[in-house]
Amino acid sequence: MIPQRLNALRTWMQQQGIDAFIFPSTDPHNGEYVPDHWKGREWISGFDGSAGTAVVTTHDAALWTDSRYFIAAAKQLEGTGFTLMRERMPETPSIAEWLATTLGMGRVGLDGMVNSSSFVENLRDELQQLGMFVLVTDANPLETLWTDRPVVPNHPIVLQPLEYAGETTTSKLARIRKAMTDAHAQALFVAALDDIAWTLNLRGSDVHCNPVFVSYLLITMDRVILFADDNKITPEVAEYLQREKVAVEPYDSVAQSLSLLDVKPILMDPEKVNYTLYNIVKGKQLAAKSPIPAMKAVKNGAEIEGYRRAMTRDGVAMVKFLCQLQQRVDEGIETEISIDERLTALRAESPLFRGNSFDTIAAYGAHGAIVHYEATPETDIPLQAKSFLLLDSGGQYLDGTTDITRTIALGELTDREREVYTLVLKGHIQLQLLKFPSGACGSQLDAVARRDLWKAGLNFMHGTGHGVGAYLNVHEGPHQIRQEWWPAPLIAGMTVTDEPGIYIENEFGVRIENTLLITPYMKTEMGEFLQFETLTLCPIDQKPIIKSLMTDEEIQWLNDYHQTVFQRLSPYLTAEETEWLRNACQPLEI
């Protein structure tokens, strides 16, 4: 199927006089997870990971993706005609370098509506330095070739109650306009769907696992316009928007409205706004970061309490699942898909559950080495009473979003499995023990989680932590904890995950993840210092631990954490579940 699509694309390219075409993983809103309508990269390549860029020339094809997908992409691209390009590896050329080597010169096409302005401009600069290239930004072969293309999602928008949002839209708009004034901007154009949902205290279901809705938002000093199709607006939402003085215009009218906008400058984030819309107001833009992500990242009191409630419910579901897991594995009745279904069903027992926060990664044995593995009927395997199960999952609840990973010993382990597990756990704990100055960035903290892994000659290529939305996207910025330089400051009130991992290809994988809240620690003459509060409530498997590798401080942290887990979760469990949890939370001797 993929070779046939490539042939059709190449015929179209020849007709259009285009020598190469670029398919990103993004949509007009630069989202990480995109509606099916915009999954052009997956359609042309067969690779279904959340990150990647496919490039097709008249004779070659290549796909760039990051380390999370190296193993999965290699398998999915077999027989497609695509070559896998492993990002951030020394031998991997950039897209522009590959095009220069492959073509030397020519016309490179892309759809300016689904590529950010910064990506297009950076690509143009690099291409011009490497050869005689022309960038065509208004090409879209999918309109012609993708005959059964899904429609743009159009599900109803719903209100996010103030008891969970914690701040009115009026208050948020006042803060946003203050930031606009400070930036000397007269308007702000917002394309990121989670920023729009947060600002307006609305939610939706247009994007898989993310409670957002397809739209744009324009904020001026005296107007707010939501660009969304009318049939998404229920009477309740329409009344609410009218009270908040938010006008509604059709989604497809955004380009025309921007072109007619009579105020300037218009603050636009070139990394978030697509190239086409960014350039409709050419000369009026103020290229700058939107103030909304930094505001959204710092949670208010209602959101924090919502997280705590959601984590308790999520922890209860996890314990109910784990309590029965070993017996069901011993009986031979569990597979990767069945445990995913069973855990989701347990989460769904909560009336506030709104779905998974991402597709569950239930990876047994060697599948655990595939960082973003997702079981399919073709890859699904039964769980056996040996090796590890890596279970990365999360829930969307009306009052919070969860993200948790546990690696579980299902039986006999090798010395290597136990050693890697213990070193990953040490890194996980060391990060949570850290005290640090307010305003430090995640790149300055990252080495703490890797120190013992590096000492053993081990490393992982993905980030150590990401922000988590408040009943919003499970991956939220602007802050991250990662090796690469990431200057966004860490501030009290932010949530962030702690998820180091090691992956031994064709053998096993280990990852341990909690979601954390950044809280005040102390103030001294040297300034304000911060610490982490662990929000996730679920026992960490102690069976694989090599205790001699652990420090007394690490063991004490684990014991204290397990005491908290037991105290918080046991009131909601049956006698059998409580006894299982008591055993799982037994303190290790120091």
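Let's start with a cysteine. Cys-441 has 2% relative accessibility, so it counts as buried. Buried here means under 20% relative accessible area, exposed means over 50%, and partly exposed lies in between, with a 1.4 Å probe and protein chains only. Before going on, the ground rules. This is a predicted model, where local features need pLDDT of at least 70 and side-chain atom pairs count only at pLDDT 80 or more, while totals for chains, interfaces and linings use all residues. Residues are numbered from 1 along each chain as its sequence is written, and side-chain values use heavy atoms, leaving out hydrogens and water.

For Cys-209, the nearest cysteine sulfur belongs to Cys-538 and is 20 Å away.

Now the sheet. Helices (H or I, at least four residues) and strands (E, at least two) are DSSP runs, numbered from the N terminus. Three strands form an open sheet in the order E16-E17-E20, with antiparallel pairing. E16 and E20 are the edge strands, each pairing on one side only. From one strand to the next, the twist averages 10°. Those angles run from 0 to 180 degrees between N-to-C directions, on axes fitted as lines to C-alpha atoms, for helices over the stretch in contact.

Pairing needs at least two DSSP bridges between two strands. E16, residues 361-364, is joined to E17 by four bridges. Ala-362 has Leu-391 as its bridge partner in E17, and Tyr-364 stands opposite Leu-389. E17 pairs with E20, residues 404-409, over six bridges. There, Asp-392 stands opposite Thr-405.

Stay with E17, residues 388-393. Is this strand mostly covered or uncovered? Mostly covered: six of its six residues are buried. In a regular strand, side chains alternate between the two faces of the sheet. In E17, Phe-388, Leu-390 and Asp-392 point one way. Leu-389, Leu-391 and Ser-393 point the other way, and all are buried.

Next, helices. H16 covers residues 415-433, 19 residues in total. At 1.5 Å a residue, H16 should span 27 Å, and its end C-alpha atoms are 27 Å apart, which agrees. That expected span is 1.5 Å times one less than the number of residues. Because 14 of its 19 residues are buried, H16 is largely enclosed by the rest of the structure. In H4, residues 95-102, the buried residues include Ile-95, Trp-98 and Leu-99. Gly-104 follows H4 with a positive phi, near 85°.

On a 1 Å grid over the protein atoms alone, a cavity is a set of points where a 1.4 Å probe fits but cannot get out; a pocket is an open set with protein on both sides within 12 Å along at least five of seven lines; lining residues have an atom within 4 Å of a point. Points join across faces, edges and corners, and a volume is the space filled by probe spheres set on them.

The second largest pocket has a volume of about 420 Å³. Of its 27 lining residues, those closest to the centre include Trp-38 and Asp-111. Strand E1 gives the most to that lining, with three residues. The whole structure has four cavities of 30 Å³ or more. The largest cavity is about 50 Å³, and its lining includes Phe-189, Asp-195 and Lys-272.

How values were computed. Disulfide = S-S within 2.5 Å.
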